[in-house]
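Dear colleague,

I am handing over the structure below, and I would be glad if you could look it over before reading the notes that come after it.

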Amino acid sequence: MALVTAATRIGGAAAIRWIGDSLRVRAFLDSMSVSVLAALVAHYLADSGFREGLAIMLAILVMLMLRNAAAAMVAAMIAAALWTGLIG
């Protein structure tokens, strides 16, 4: 799996060098990363419980309020840890 990951990273950099950088390519890459992240979160949310759903909702709220991904991740981790510590 590590070899596949390394190959896709190297291949992606080579492809961008070959394709070139333009506003259209940059817009595609920006929107693609958001859609991939949304798909990963949706899949995880479908397979998890209420605790994880609450943590993800809190992360979304913090991200919308602060526009800071690190703060959103920390808030979600703290919420999940508190849930586990208090409720079990």
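What follows is a description of the chain as a whole and then of its nonpolar core.

Please bear in mind throughout that this is a predicted model. The secondary structure of the protein chain consists of four helices, with zero strands, so that reading from the N terminus the order of elements is α-α-α-α.

As to overall dimensions, the C-alpha trace spans about 55 × 35 × 20 Å along its principal axes. The radius of gyration of the protein chain is 17 Å, whereas a compact globule of 88 residues would have one near 12 Å. Of those 88 residues, 12% count as buried, and the protein chain exposes about 7200 Å², of which carbon and sulfur atoms supply 75%. Turning to charge, there are 6 positive and 4 negative side chains, and the centres of these two sets lie 8 Å apart.

Which residues make up the largest nonpolar core? There are seven in all, namely Ala55, Ala59, Val62, Ala72, Ala75, Ala76 and Ala80. The elements that give two or more residues to this core are α3, covering 50–66, and α4, covering 69–86, and the largest share, four residues, comes from α4. Within this group, Ala59 touches Ala72 and Ala76, if residues up to four places away in sequence are left out of the count. As general background, nonpolar side chains tend to be buried together in soluble globular proteins.

With best wishes

Terms used: Residues numbered from 1 in each chain as written. Predicted model: local features only at pLDDT ≥ 70, side-chain atom pairs only at ≥ 80, totals over all residues. Heavy atoms only, no water. Rg over C-alpha atoms; globule rule 2.2 N^0.38 Å. Buried < 20%, exposed > 50% of the residue type's maximum accessible area, 1.4 Å probe, protein only. Areas by Shrake-Rupley, 256 points an atom, 1.4 Å probe, with all protein chains shown as cover. Lys, Arg positive; Asp, Glu negative; His and termini not counted. Charge placed at Lys NZ, Arg CZ, Asp CG, Glu CD. Core = buried A, V, L, I, M, F, W, Y, C linked by side-chain atoms within 4.5 Å. Contact = heavy atoms within 4.5 Å.
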